[in-house]
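Take a look at the structure below. Then read on for a short tour of its pocket, its sheets and its backbone.

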Amino acid sequence: MFSASAKIVKPQGEKADEFESSISQALLELEMNSDLKAQLRELYITAAKEIDVTGKKAIIVFVPVPQLRDYQKIQTRLVRELEKKFSGKHVVFVAQRRILPKPTRKTRTKNKQKRPRSRTLTSVHDAMLDDLCFPAEIVGKRIRVKLDGSRLIKVHLDKNQQTNIEHKLETFTAVYKKLTGKDVTFEFPEYVL
């Protein structure tokens with residue numbers, strides 16, 4: 001049971017690649033040796049990717065949606081430990097969500113059920129943004145449409161977490177661009193009441 005593939009569950013027939021196995025192995029070691037043992041025992045990941053962020057690397061770990069809450073309970077400690085293991089690469093956790101295509105006249109007969117709102121592209125992309133920014137909370141969003149039609153999403157984050165995640169904002173932007181193709185900037189607005 002305690003092999004590198006113990007902490008990663010792929011869809012049928014798919015094999016975990018070398019990088020995913022290394023993440024899985026790291027989680028397994030943490031489960032064995034750290035105080036996160038009880039929380040990590042039930043948890044696993046579905047995939048992992050490595051992307052370039054302005055000269056350094058970032059690791060995106062995909063987890064099953066039902067387990068996201070449990071991951072978020074230990075996320076700050078888990079990220080700290082994983083970043084130690086992978087020599088300072090930024091680690092982000094994102095739930096593996098499915099986007100269903102918009103039903104058209106042709107596809108209506110295939111799927112008898114109505115497409116749930118949580119499977120629409122918009123809601124998946126919004127939820128992804130929430131996952132990325134955790135533990136900071138999104139307190140506001142502005143979408144700026146430029147004259148050439150391109151959009152820029154400005155995301156306002158909660159100031160309470162500014163010290164914890166300020167150094168990661170570039171990573172968040174790059175990861176979101178890679179996963180969704182949308183440009184996003186993060187800021188900590190000063191609210192004057």
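What volume does the largest pocket have? The model is predicted, and the computed volume of its largest pocket is about 460 Å³. Rolling a probe the size of a water molecule over the atoms shows where empty space is left. The lining of the largest pocket is made up of 14 residues. Nearest its centre lie P11, T46, Q96, R97 and R98. By kind, the lining residues split into 5 nonpolar, 4 polar and 5 charged.

**The sheet of β1, β2 and β3**

Three names, one order: the strands run β1-β2-β3 across an open sheet of 3 strands, and their pairing is mixed. From one strand to the next, the twist averages 25 degrees. β2 and β3 are paired in the parallel sense, over 7 bridges. In this pairing, V63 stands opposite A95 in β3. Helix α6 packs on the sheet and touches β1, β2 and β3. The direction of α6 makes about 115 degrees with that of β1.

**The sheet of β4, β5 and β6**

Another open sheet has 3 strands in the order β4-β5-β6, again with mixed pairing. Its edges are β4 (138-145) and β6 (184-187). Each edge strand has a single partner, so one side of each is left without a neighbour in the sheet. Here the twist averages 20 degrees from one strand to the next.

Strand β5 covers residues 151-157. β5 and β6 run parallel, joined by 4 bridges. Two facing pairs can be picked out. K154 stands opposite T185 in β6, and V155 stands opposite F186 in β6.

| Helix | Residues | Strands | Angle |
|---|---|---|---|
| α4 | 121-133 | lies across β4, β5 and β6 | about 130 degrees to β4 |
| α6 | 169-180 | touches β5 and β6 | about 155 degrees with β6 |

So much for the table; note that α6 packs on this sheet and also on the sheet of β1, β2 and β3.

**Two points along the backbone**

Which residues does a cis peptide bond join? The bond is between F134 and P135, with omega about 5 degrees. P135 lies in the loop between α4 and β4.

The other point is T54. Phi of T54 is near 30 degrees, a positive value in a residue other than glycine. T54 sits in the loop between β1 (47-53) and β2 (56-64). Is T54 buried or exposed? T54 has a relative accessible area of 63%. The cut-off for exposed is over 50%, so T54 counts as exposed.

Key. Residues are numbered from 1 along each chain as its sequence is written. This is a predicted model: local features need pLDDT of at least 70, side-chain atom pairs count only at pLDDT 80 or more; totals for chains, interfaces and linings use all residues. Side-chain values use heavy atoms; hydrogens and water are left out. Two strands pair if DSSP finds at least two bridges between them. Helices (H or I, at least four residues) and strands (E, at least two) are DSSP runs, numbered from the N terminus. Axes are lines fitted to C-alpha atoms, for helices over the stretch in contact, and angles run from 0 to 180 degrees between N-to-C directions. Contact means heavy atoms within 4.5 Å. On a 1 Å grid over the protein atoms alone, a cavity is a set of points where a 1.4 Å probe fits but cannot get out, and a pocket is an open set with protein on both sides within 12 Å along at least five of seven lines; lining residues have an atom within 4 Å of a point. Grid points are joined across faces, edges and corners, and a volume is the space filled by probe spheres set on the points. Ala, Val, Leu, Ile, Met, Phe, Trp, Tyr, Cys and Pro count as nonpolar, Asp, Glu, Lys and Arg as charged, and the others, Gly among them, as polar. Buried means under 20% relative accessible area, exposed over 50%, partly exposed in between (1.4 Å probe, protein chains only).
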